Amino acid sequence: MAKDDQIPFEAALLARTGPIEALLRRLLDDRPLSGEIARPQRLMEAMRHGVLNGGKRLRPFLVMESAALFSADGEAALRVAAALECVHCYSLIHDDLPAMDDDDLRRGQPTVHKAFDEATAILAGDALLALAFDIIADEATMLPAERRAALVLALARAAGAGGMVGGQMLDLEAERNRPEEAGIIRLQAMKTGALIRFACEAGAIVAGAPAADRERLVEFGSAIGLAFQLADDLLDLTADARQMGKATGKDAAAGKATLVALHGANWARDQLQGLVDQAHASLCPYGEDAVLLKQAAEFVAARNS
């Protein structure tokens, strides 16, 4: 995608969203794939409800734009981006369940367990997680086998016990035993940051870029991952439910430990700017080719929903 300072970031984000949405619709079709026996209609409806519901598709955007740094934002990158979105949406479906955050709304619509039922929501999340690895491993993701394997490994590590799921466990424990600042940062780097970090590194893996490039994109993803969660905590404190499309004020009500609760809103805004600066610095070697990724960092920090 052309890098042009005059293109509003939201327009660039939307331009990437169209192909992602189209691919997700195809991947969530009722027709079984080779090796599958059948795709139950109710399960597929619940999966589509949890995925095709108007999300910003920021993580897929980061995959595509990171790949674009190396002129590799083609069909393979698009499929990896869709796989990541399946993992992200699975996590939201499970996070909304009564045993977790117990939310009735997601992106302004009933959560999957409200639109269907709890058991169906659990199975829809399970199926989306499995589908993500199916998408990457499939030969239709036209990459050398070693790159597909590297992507599977990196996504598994980002999504699992040492990444997102582990972060969710720490988040539940934090309601009972409030962690210190270092513990909060670790929790957030896992729960929210791990998938965002993978999104940025994945573009370099797709492209077969050198280790130094992967490391720079991991550094960029780490910074914006922390910024995303910090902005989210700030919005939970300051935004209303209509603006967010989900309930707000729940962190304070649950007594959750957040950096905003620990240091206050003004401190959080200062930190956000520092994280944006850190993200920008990590992309210096790419010059104008990284304009949209730099704008993504600013968007994450300044978002209002």
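Which element gives the largest share of the lining of the largest cavity? The answer is α4, with three residues. Before going further, keep in mind that this is a predicted model.

**Cavities**

Let's stay with that cavity for a moment. Sorted by class, the lining of the largest cavity has five nonpolar, five polar and three charged residues.

The second largest cavity holds about 30 Å³ of space. You'll find D95, M100, D101, Q168, D171, L172 and K191 lining it. Here helix α8 (residues 164–174) provides the largest share, three residues. The class count for this second largest cavity is two nonpolar, one polar and four charged residues.

**A pocket**

Now for an open space: the second largest pocket, with about 150 Å³. Around the second largest pocket sit E36, A38, R39, P40, L43, M44, M47, A127, A130, L131 and D134. Two helices, α2 (41–51) and α6 (118–137), each bring at least two residues to that lining. The largest share belongs to α6, with four residues. No polar residues turn up in the lining of this pocket, which splits into eight nonpolar and three charged.

| Space | Volume | Lining by class |
|---|---|---|
| Second largest pocket | about 150 Å³ | eight nonpolar, no polar, three charged |
| Second largest cavity | about 30 Å³ | two nonpolar, one polar, four charged |

**Helix α3 and its two partners**

Helix α3 (residues 58–68) packs against helix α16 (residues 291–302): their axes come within 10 Å and cross at roughly 160 degrees. Angles over 145 degrees count as roughly antiparallel, so α3 is roughly antiparallel to α16. The crossing of this pair is left-handed. On the α3 side the contact uses L58, F61, L62, E65 and S66, and on the α16 side L292, L293, A296, F299 and V300. In class terms, that contact of α3 with α16 comes to eight nonpolar residues, one polar and one charged.

What about helix α11 (residues 211–238)? It packs with α3 at an angle of about 160 degrees, with the axes 13 Å apart. That angle makes α3 roughly antiparallel to α11 as well. This time the crossing is right-handed. From α3, the residues in contact are L58, R59, L62 and S66, and they meet L217, F220, I224 and F228 of α11. The contact of α3 with α11 has six nonpolar residues, one polar and one charged.

Definitions and conventions
Residues numbered from 1 in each chain as written. Predicted model: local features only at pLDDT ≥ 70, side-chain atom pairs only at ≥ 80, totals over all residues. Heavy atoms only, no water. Axes fitted to C-alpha atoms, helices over the stretch in contact; angles between N-to-C directions. Parallel < 35°, antiparallel > 145°, perpendicular 65-115°, else oblique. Left-handed = near helix turned anticlockwise from the far one by under 90°. Contact = heavy atoms within 4.5 Å. Nonpolar A, V, L, I, M, F, W, Y, C, P; charged D, E, K, R; others polar. 1 Å grid on protein atoms, 1.4 Å probe; cavity = no way out; pocket = protein on both sides within 12 Å on 5 of 7 lines; lining within 4 Å. Points joined across faces, edges and corners; volume = space filled by probe spheres on them.
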